[in-house]
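Let's take a walk through a protein model together. Have the viewer open and turn the model as you read.

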Amino acid sequence: MGLALYQVDAFTDQLFAGNPAAVCFLSASRDKGWMQMVAREMNLSETAFLNPENDGWRLRWFTPAVEVALCGHATLASAHVLWETGQLTPAATARFYTESGLLTAERNGPMIELNFPAKIAFATEAPAGLAEALGVKPLTVCRSAFDFLVEVDSETTLRAMKPDFHRLGELPVRGVIVTSRSDQPEFDFVSRFFAPASGVNEDPVTGSAHCTLGPFWQQRLNKSDFRAYQASARGGVVTVRVVGDRVFLGGNAVTVLRGELL
């Protein structure tokens, strides 16, 4: 028998939008090299691998190039498949054991809400070449455990960016988050996320980046609940709720493909 494999568009309620993730179910843990080859074959920004553990699932995430320590959209996709396939009852909590600790997901009406750790970004000096690689003049530069966070002056500036991915890939971080206030009244802030060093030039919708964006905008806007838009070519909507050292990320998901990995 093959392994159940799904492709899910996360942080969207429409097909072919949001961020696609592959979700692969295992009966037991597999070799890291094998998982990396599967992720390379899927060629999506993330492939999630789940196998049963305790009262939940062991969850690991791979880009086509590397394993990552935290991923929002592939976790959302995994929870969506667990409910859609009846492996979880509608009222049950999805529990994932990961490199970033225990992560949970719950259904909240038509949406799924993830309970993730906050990743605070602290002000720092911009590294040499960052502004030139992005092609913008930063208002603020911060750094979290994973990424640089760059604030720019407007959504117009953010959407018009055409970064030099080769130069960005030389920075010693997972990726670069770029953000601004939103020009649209239905959103509080917008962002884009570039991670060429991790094998993804621009990620369509990055849940884990919002673990940094939520606390960042909490300080600036003096509020804790946000509706955010990631302004990639595909685009996606993320609700963000900051509670202490946790960030709750909400979004929809849609299954695109169901298959079997031989």
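Is Phe16 buried or exposed? Phe16 is exposed, with a relative accessible area of 61%; here buried means under 20% relative accessible area, exposed over 50%, and partly exposed in between, with a 1.4 Å probe and protein chains only. Before we go on, some ground rules: this is a predicted model, where local features need pLDDT of at least 70 and side-chain atom pairs count only at pLDDT 80 or more, while totals for chains, interfaces and linings use all residues. Residues are numbered from 1 along each chain as its sequence is written, and side-chain values use heavy atoms, with hydrogens and water left out.

Back to Phe16. You'll find Phe16 in the loop between strand S1 (3-10) and strand S2 (19-25). (Helices, H or I with at least four residues, and strands, E with at least two, are DSSP runs numbered from the N terminus.) The phi of Phe16 is near 65°, a positive value in a residue other than glycine. Most residues other than glycine have a negative phi. Asn222 also has a positive phi, near 55°, and sits in the loop between helix H6 (210-221) and strand S15 (225-230). At 72% relative accessibility, Asn222 counts as exposed.

Now have a look at helix H2, residues 73-84. How far apart are its end C-alpha atoms? They are 16 Å apart, which agrees with the 16 Å that its 12 residues should span at 1.5 Å a residue; the expected span is 1.5 Å times one less than the number of residues. Of those 12 residues, 11 are buried, so H2 is largely enclosed by the rest of the structure. Among the buried ones are His73, Leu76, His80 and Trp83. After H2 comes Gly86, whose phi is positive, near 80°.

Ser191 has a relative accessible area of 1%, so Ser191 counts as buried. What does Ser191 touch, leaving aside its neighbours within four places in sequence? Ser191 is in contact (heavy atoms within 4.5 Å) with Leu158, Val178, Thr179, His210, Leu213, Tyr229, Gln230 and Ala231.

On a 1 Å grid over the protein atoms alone, a cavity is a set of points where a 1.4 Å probe fits but cannot get out; a pocket is an open set with protein on both sides within 12 Å along at least five of seven lines; and lining residues have an atom within 4 Å of a point. Grid points are joined across faces, edges and corners, and a volume is the space filled by probe spheres set on the points. The structure holds two cavities of 30 Å³ or more.

The largest cavity has a volume of about 140 Å³. Of the 17 residues lining it, Glu46, Arg174, Phe193, Asp203 and Thr206 are the closest to its centre. Strand S13 (189-195) and strand S14 (200-203) each supply at least two residues of this lining. By class, the lining has six nonpolar, eight polar and three charged residues. (Ala, Val, Leu, Ile, Met, Phe, Trp, Tyr, Cys and Pro count as nonpolar, Asp, Glu, Lys and Arg as charged, and the others, Gly among them, as polar.)

The second largest cavity holds about 40 Å³ of space. Its lining includes Leu26, Met35, Phe49 and Arg58, and strands S3 (46-53) and S4 (56-62) each supply at least two of its residues.

What about the largest pocket? About 220 Å³ of space lies in it. Phe11, Thr12, Asp13, Gly236 and Val237 lie nearest its centre, out of 13 lining residues. Two or more lining residues come from each of S15 and strand S16 (236-243).

Cys142 is buried at 4% relative accessible area, and Cys211 is buried at 0%.

Finish at Met1, in the segment before S1. Met1 counts as exposed, at 98% relative accessibility. Met1 and Leu262 are 261 residues apart in sequence, and their C-alpha atoms are 7.6 Å apart in space.
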